[in-house]
Amino acid sequence: MIFLTMKVAKQTFKFFILVSFLFANAFAMADNSSKDPVVSGNKVDTAEEIREYISHHLKDSHDFHFYTHNESGTHYSFPLPVIVWTSNGLKTFMSSAFHHDDAGQVIVDKGDTKLVKIHSKIYELDQGATSVNFDAEHHATNAHKVLDFSITKSVFGMLLTGLLMLLGFGALARGFKKGKSVPTGFSRVLEPLVIYVRDEIAKPNIGEKKYRKFMGFLLTVFFFIWILNLLGLTPLGFNVTGQIAVTACLAIFTVVIYMFSGTKDFWAHTLWMPGVPVILRPILAVIELVGFVIIKPFSLLIRLFANITAGHFVVMSLIALMITLKASFGPVVSTGMSLLLSLFIMVIELLVAFLQAFIFTMLSSLFIGMAVEEHDDHH
Amino acid sequence: MDQLLHDFSPGLFFMQGIILFILIVLMRKFAWKPILDGLQSREDGIQNALDAAENAKLEMQNLQADNEKLLKEARAERESMLKEARDLKNKMIEDAKTEAQETANNMIAQAQAAIESEKKSAMAELKNHVSGLSIEIAEKVVRNELSNKDKQLKLIEDMLGEATLN
């Protein structure tokens with residue numbers, strides 16, 4: 001992948017877009033033929049279905065779904081590779097093997113392992129079972145989850161973001177490497193953003209002397225989150241930064257970085273706070289440690305996750321107003337309202353997309369700044 | 001919370017970790033390092049250029065001040081030189097005047113001295129001449145007296161009249 005990335009990075013941006021669309025089309029067309037009779041005529045038009053639809057969107061999915069034709073039930077989507085670690089070792093196949101089933105109906109038989117997909121999660125059937133049994137709460141009773149390393153839609157989104165970043169900033173870097181001191185073209189847009197992160201986020205929080213070491217992480221995380229947030233606002237329907245696993249991973253990176261770059265001063269202040277009665281010191285140490293190891297990263301991961309999830313939820317609900325209010329206001333009024341409100345929220349979400357990337361990076365650099373701070377100034 | 005834990009996918013977490021790590025490494029190497037270095041060198045360049053301009057300005061000001069000072073000095077020097085020259089001229093004129101006066105005085109004094117001495121010598125010569133004449137007259141008178149008494153007397157009378165006239 002890396003090799004491929006590097007190879008593609010040499011090509012122009014336009015070329016990449018073109019290729020990706022060609023691929024998307026090819027997949028969509030390939031899938032076009034495999035009509036699914038089970039879900040034909042599945043209009044999403046009741047409140048219950050809308051709720052289902054939204055909660056389904058907020059989850060990660062194993063195929064890249066564009067839309068489903070209402071009457072024929074044809075799915076316009078392309079499959080993504082499924083890579084799972086089962087009790088019988090690694091299994092790989094394309095997600096098209098599930099035929100868009102998400103209720104555990106279609107069983108993928110990989111010789112010794114039978115796999116089903118229930119609510120965007122892949123389950124392995126217990127030995128000897130031939131179909132999934134559900135209990136009253138709709139939990140599978142004879143199947144268990146597997147470790148899922150699939151290239152899901154979120155992973156695909158991350159790879160796409162990574163590629164975009166490598167291409168965009170790679171071009172900017174090449175400009176500088178060639179000795180040009182003023183970038184041209186799209187790089188001219190990216191350069192002030194890099195300067196912004198450096199001068200407004202890293203330098204004031206970490207300090208002029210030490211910021212340089214953390215710029216790689218901060219810049220990468222800032223643009224990674226921002227681009228993913230923005231991708232989430234496109235009709236492609238990514239919801240990567242709304243996946244708690246993703247935000248948790250980002251937060252853990254921050255923790256690891258500030259824990260490992262903590263100065264002697266930082267540890268002295270955290271574990272054995274000077275200037276306080278000795279009896280209080282262990283208590284303070286516990287509080288500080290809990291703060292640094294659990295509370296701070298938790299606040300980071302929850303903030304990003306909740307903001308993005310809520311944003312997606314609100315936008316989709318407002319779009320769904322078109323359907324839910326049709327009965328009481330008529331099609332024109334409900335559509336107009338829905339358009340106006342969702343446009344309004346979309347503009348706010350555009351701001352939130354930046355804001356959350358900014359806050360995450362800002363707080364990360366603040367925590368790093370705390371860890372690398374020299375305390376000699378106030379003793 | 002239960003829902004959150006249920007939705008948490010360890011696989012996705014793992015993939016994200018790997019992707020993010022690789023992305024950070026790649027971006028550091030291929031993007032951030034050259035970009036930050038480029039920005040830094042550009043900013044340093046700008047700063048240096050500004051500093052150089054500032055220095056040049058200061059130097060220019062110094063130079064101008066120097067010029068002004070030099071000009072002033074030159075003017076003062078010219079002024080003093082002119083004054084000196086004027087003084088010198090006056091002094092020279094003065095000196096020349098006094099010297100000329102002195103020389104003239106000396107010359108006058110010498111001339112007067114010469115005249116005096118000439119006069120003296122002339123008087124002396126005249127006295128000698130007169131005394132010679134007197135002796136001569138006396139000789140002639142003595143001789144006449146010896147021949148003619150009246151004549152002798154008359155001669156003496158004439159002679160004496162002549163001598164007083166002289």
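In chain A, four strands make up an open sheet, in the order β5-β6-β7-β8, and the pairing is antiparallel. Strands, like helices, are DSSP runs numbered from the N terminus; a strand (E) has at least two residues and a helix (H or I) at least four. Two strands pair if DSSP finds at least two bridges between them. The edges of this sheet are β5 (108–110) and β8 (143–145) of chain A; each has a single partner strand, so one side of each is left without a neighbour in the sheet. From one strand to the next, the twist averages 35°.

The model is predicted: local features need pLDDT of at least 70, side-chain atom pairs count only at pLDDT 80 or more, and totals for chains, interfaces and linings use all residues. Residues are numbered from 1 along each chain as its sequence is written, while chains are lettered from A and ligands numbered from 1 in the order in which they are written.

Which strand pairs with β8(A) over three bridges? This is β7 (residues 121–125) of chain A, and the two pair in the antiparallel sense. To find a place in β8(A), look for A:Lys145, which stands opposite A:Tyr123.

A second open sheet in chain A has three strands, in the order β4-β3-β9, again with antiparallel pairing. Its edge strands are β4 (89–94) and β9 of chain A, each of which pairs on one side only. Strand β3 (residues 81–86) of chain A is joined to β9(A) by two bridges, and these strands run antiparallel. Here A:Trp85 stands opposite A:Leu147 in β9(A).

Strand β4 of chain A contains A:Gly89. Is A:Gly89 buried or exposed? With 10 other C-beta atoms within 10 Å, A:Gly89 is exposed. A residue counts as buried if 20 or more other C-beta atoms lie within 10 Å of its own, exposed if 12 or fewer, and partly exposed in between, with C-beta atoms placed from the backbone. A:Thr113 is 24 residues from A:Gly89 along the chain, and their C-alpha atoms are separated by 9.4 Å.

Now take chain A as a whole. It has 11 helices and nine strands, and 34% of its 379 residues are buried. Two residues are in contact if their C-beta atoms, placed from the backbone, lie within 7 Å. Among contacts in chain A between residues at least 6 apart in sequence, 62% join residues at least 24 apart.

Two packed helices are described by the angle between their axes and the distance between the axes. In chain A, the axes of α9 (residues 280–324) and α11 (residues 331–372) come within 8 Å and cross at roughly 170°. α9(A) and α11(A) are therefore roughly antiparallel to each other, a term for angles over 145 degrees.

Chain A also touches chain B: 37 residues of chain A are in contact with 30 residues of chain B. On the chain A side, the elements that give two or more residues are β9 (147–148), α4 (153–177), α5 (187–206), α6 (215–233) and α7 (244–260). The largest share, 13 residues, comes from α4(A).

In chain B, an unreviewed UniProt entry places a "coiled-coil region" at residues 36–102. Over residues 36–102 of chain B the chain is 100% helix and 0% strand, with the end C-alpha atoms 95 Å apart.

How values were computed:
Axes fitted to C-alpha atoms, helices over the stretch in contact; angles between N-to-C directions. Parallel < 35°, antiparallel > 145°, perpendicular 65-115°, else oblique. UniProt positions renumbered as here; feature names shortened; annotations may be inferred.
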